[in-house]
Amino acid sequence: MTAKPRILVARAIFDDVIGKLAAHFEVDANQADDALAGPALAARLAGKWGAFTTGGERIDAALLAQCPTLKIVANMAVGYNNFDVAAMTAAGVLGANAPGVLTETTADFGFALLMATARRITESEHFLRAGQWQKWRYDLFAGQEVHGSTLGIIGMGRIGQGVARRGALGFGMRVIYHNRTRLDAATEAACQARYVSKQELLQTADHVVLVLPYTPEAHHTIGAAELALMKPSATLVNLARGGIVDDAALAQALQAGRIAAAGLDVFEGEPQVHPALLACRNVVLTPHIASATEPTRRAMAHLAADNLIAFHTQGRALTPVNPEALAPGR
Ligand code: 8YV
């Protein structure tokens, strides 16, 4: 009997997913959930054929040079900015992500964050819990209108389209979007969304939602100059990745009343959060939980596991990000 390939599961995960992997692999499972990065991650990957990652583990040329036996890294995340894809392809290492299974759950959360931000839900709850609610007042926590307003979405992939449908069909919003490439007419019609320039979007949207993937070109897509274009009554929601927004510039804009409010699920340098953001009252802050329902997190974990199993048993992953890594004679 040939030995099973060895894999690392880099973070704690559902026991049944470990069990499923153990039927095919010799599994080194980090169920203790120790942070693994740089030399510690390389040491733990020594001699491994594959890795199950959750999106926080950086896979780059320096790491790959120390892990010559590695053949595949499967992310339990749709985003894969933790992969240096070019370095992985050059090393012949396949990367896989987990698209599709989290789309609707993440779009639900985007809408929840938009609503909480526009209607000042967490800010008013803190006020109430602090015992400050003494009487009703006509303008107590008066927020921004959601229904019938203009929703601007930057990044119109699957999740962006889910947010658009919720806005257009559920809340009668006018939906405008900006994306690297314009959607085809049928998809635009299904989302009731109109393509505009980034500048027009920032100037006209009442609510701006960010759902674009992080790439070096997308770094600080929203900074001081972009915040200055937005309406003073506008809200900003970041569902995408830390680094898409310049958090220091956003905190300044929120403090100065340049925009009304922000809802943030992702941060530069998370789990650290910029202290100036923590000091703002007009911001809703959540700890990167947009995909966090139990069924969705299970589906994401099973898809990552299935990518490893399919590559082992059939020589191809289900949702690869760099199939060219396997090209013959590469
Ligand atoms: C993950 C996400 O929970 O899928 C993604 O890209 O951002 C989240 O759904 C996160 O990546 C885990 O690190």
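This is a predicted model: local features need pLDDT of at least 70, side-chain atom pairs count only at pLDDT 80 or more; totals for chains, interfaces and linings use all residues.
Residues are numbered from 1 along each chain as its sequence is written. Local features need pLDDT of at least 70 and side-chain atom pairs count only at pLDDT 80 or more, while totals for chains, interfaces and linings use all residues, and side-chain values use heavy atoms, with hydrogens and water left out.

**Exercise 1.** Work out what span helix 7 should have, and check it against its ends.

Solution. Helices (H or I, at least four residues) are DSSP runs, numbered from the N terminus. The expected span is 1.5 Å times one less than the number of residues. Helix 7 has 14 residues (158-171), so it should span 20 Å. Its end C-alpha atoms sit 19 Å apart, which agrees.

**Exercise 2.** Find the salt bridge partner of Lys48, and decide whether Lys48 is buried or exposed.

Solution. A salt bridge needs a side-chain nitrogen of Lys or Arg within 4 Å of a carboxyl oxygen of Asp or Glu. Lys48 pairs with Asp28, the closest N and O atoms being 3.1 Å apart. Next, accessibility: buried means under 20% relative accessible area, exposed over 50%, partly exposed in between (1.4 Å probe, protein chains only). Lys48 has 4%, so it's buried. Asp28 has 21%, so it's partly exposed.

**Exercise 3.** Locate Glu125 and Arg129, and say how their side chains meet.

Solution. Both lie in helix 6, 4 residues apart, about one turn of the helix. Arg129 is exposed at 65% relative accessibility, and Glu125 is partly exposed at 34%.

How values were computed
Helices (H or I, at least four residues) and strands (E, at least two) are DSSP runs, numbered from the N terminus.
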